[in-house]
Amino acid sequence: MTVEGTKRKYDKGERRFKHVGKDAYPVIEFDNSDPKKWIGKCPCNLSEAERERLLNEAVAAPNGDRELTAPKRLYAVYEGAIYEAQTSDGGATYHGYPYRGKLSNPILTKLEQIAEENGCADAFRAWVKKHITRHGERK
């Protein structure tokens with residue numbers, strides 16, 4: 001359950017296969033015509049129940065200066081990989097995929113705690129080293 005007490009719902013969307021992988025592990029694929037463009041592919045064996053569980057355990061990113069009632073982006077850890085979920089309908093549903101990019105230190109700290117609790121801290125650190133750029137460090 002989320003802090004607000006409501007359960008988040010996962011919605012892949014009709015005919016949406018962009019983030020569906022063919023393997024039993026997450027993959028970050030790059031576009032040959034644009035090497036900066038990436039697509040996160042979910043494991044083919046990630047069940048609907050597991051997706052919803054991850055959403056409801058996810059760490060919410062701040063919405064910045066936007067006044068939204070629900071977080072726009074959520075982050076979760078599954079078997080060491082970081083997943084990002086986004087909403088396009090004000091938080092009613094979310095769609096997730098393996099994530100590559102920048103994350104703040106506070107979010108990474110929370111995700112690392114989750115990874116440690118789930119016994120996948122080494123895989124998490126490897127994912128961070130390969131796919132994540134840290135930002136927002138405060139001393």
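Which residue follows helix 2, and is its phi positive or negative? The legends below take this up in a predicted model.

**View 1. The overall fold of the predicted model.** The protein has three helices and nine strands. Along the sequence, these elements run β-β-β-α-β-β-β-β-β-α-α-β. Of the 139 residues in the protein, 42% are buried. Take the contacts between residues at least 6 apart in sequence: 52% of them join residues at least 24 apart.

**View 2. Helix 2, residues 105–117.** This helix has 13 residues. From first C-alpha to last, helix 2 reaches 18 Å. That is close to the 18 Å expected at 1.5 Å a residue. Which residues of helix 2 are buried? They are Asn105, Ile107, Leu108, Leu111, Ile114 and Ala115.

**View 3. Gly119, after helix 2.** Here is the reply to the opening question. Gly119 follows helix 2. The phi of Gly119 is positive, near 75 degrees.

**View 4. The cysteines Cys44 and Cys120.** Is Cys44 buried, partly exposed or exposed? Cys44 is partly exposed, with a relative accessible area of 46%. Cys120, by contrast, is buried, at a relative accessible area of 11%. A disulfide is a covalent bond that joins the sulfur atoms of two cysteines. How many disulfides does the model have, counting cysteine sulfur pairs within 2.5 Å? The count is zero.

Conventions. Residues numbered from 1 in each chain as written. Predicted model: local features only at pLDDT ≥ 70, side-chain atom pairs only at ≥ 80, totals over all residues. Heavy atoms only, no water. Helix = DSSP H or I, 4+ residues; strand = E, 2+ residues; numbered from the N terminus. Buried < 20%, exposed > 50% of the residue type's maximum accessible area, 1.4 Å probe, protein only. Contact = heavy atoms within 4.5 Å. Disulfide = S-S within 2.5 Å. Expected span 1.5 Å × (residues − 1).
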